[in-house]
Amino acid sequence: MIRKCLLACVVSIPLLSNAALADELIAKGKTVYDTVGGCTACHGPVGAGDGPAAVALNPRPQNLAAGSFKFDTDKDGATGTEADLFNVISNGAAQYSGSPSMVGRADISEDDRKALVKYVLSLSGK
């Protein structure tokens with residue numbers, strides 16, 4: 001009985017750690033989104049595409065909270081994957097036939113861009 005309990009506890013620890021790590025990445029991504037990323041200017045505070053600069057942009061910024069992403073940057077047949085979002089954030093949307101208003105942000109560290117992807121996906125519950 002004790003062995004079963006101990007085994008269950010040991011197996012649960014990585015799951016808790018993974019959930020905590022995911023939460024930390026999302027929080028870090030939100031910080032990047034709100035600060036150095038400058039994302040709120042166009043996408044708004046909750047990703048609805050309603051930032052203060054949005055009215056001047058054509059096309060309008062993507063509603064990230066809707067979770068409907070159109071780019072398949074890695075040609076794997078699925079749009080809006082972590083890799084797709086990372087590529088658009090890194091290289092800009094124009095490279096994938098999107099709006100030139102969404103410029104690439106390779107100036108943001110790779111770890112921060114990965115965290116930003118996690119945050120953007122969390123806006124739509126993905």
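**Entry 1: Lys114 and Glu110.** I started in helix H4, where Lys114 and Glu110 sit about one helical turn from each other because they are four residues apart. This is a predicted model, so I'm reading everything here as computed. The two side chains form a salt bridge, with the closest N and O atoms 3.2 Å apart.

Entry 2: How many salt bridges does a search of the whole structure find? I got five. One of them joins Glu82 to Lys118, with 2.8 Å between the closest N and O atoms. That pair ties together distant parts of the chain, since Glu82 is in helix H3 and Lys118 is in helix H4, 36 residues apart. Glu82 is partly exposed at 40% relative accessibility, and Lys118 is partly exposed at 29%.

**Entry 3: Asp107.** Next I went to the loop between H3 and H4, where Asp107 lies. The side chain of Asp107 meets that of Arg105 in a salt bridge at 2.8 Å, N to O. Are the two partners buried or exposed? Asp107 comes out exposed, because its relative accessibility is 56% and the cut-off for exposed is over 50%. Arg105 comes out buried, because its 19% falls under the 20% limit. I also checked Asp107 against Ser90: they are 17 residues apart along the chain, and their C-alpha atoms are 8.3 Å apart.

**Entry 4: Asp72.** I found Asp72 in the loop between helix H2 (40-43) and helix H3 (82-91). Asp72 is buried but has no salt bridge. The nearest side chain of opposite charge is Lys75, 6.1 Å away, and a salt bridge needs the atoms within 4 Å. What does the side chain of Asp72 reach instead? I see a polar atom of that side chain 3.1 Å from the backbone nitrogen of Lys75, and the side chain also reaches the backbone nitrogen of Asp76 at 3.1 Å. Setting aside neighbours within four places in sequence, Asp72 contacts Gly77, Ala78, Thr79 and Asp84.

Entry 5: Last stop was the largest pocket, about 680 Å³ in volume. I listed 30 lining residues, with His43, Gln62, Val88, Ala93 and Met102 nearest the centre. H2, H3 and helix H4 (110-123) each give two or more residues to the lining. H3 gives the most, with four.

Technical notes: Residues numbered from 1 in each chain as written. Predicted model: local features only at pLDDT ≥ 70, side-chain atom pairs only at ≥ 80, totals over all residues. Heavy atoms only, no water. Buried < 20%, exposed > 50% of the residue type's maximum accessible area, 1.4 Å probe, protein only. Lys, Arg positive; Asp, Glu negative; His and termini not counted. Polar contact = N/O pair within 3.5 Å; in protein donor to acceptor, adjacent residues only side chain to side chain. Contact = heavy atoms within 4.5 Å. 1 Å grid on protein atoms, 1.4 Å probe; cavity = no way out; pocket = protein on both sides within 12 Å on 5 of 7 lines; lining within 4 Å. Points joined across faces, edges and corners; volume = space filled by probe spheres on them.
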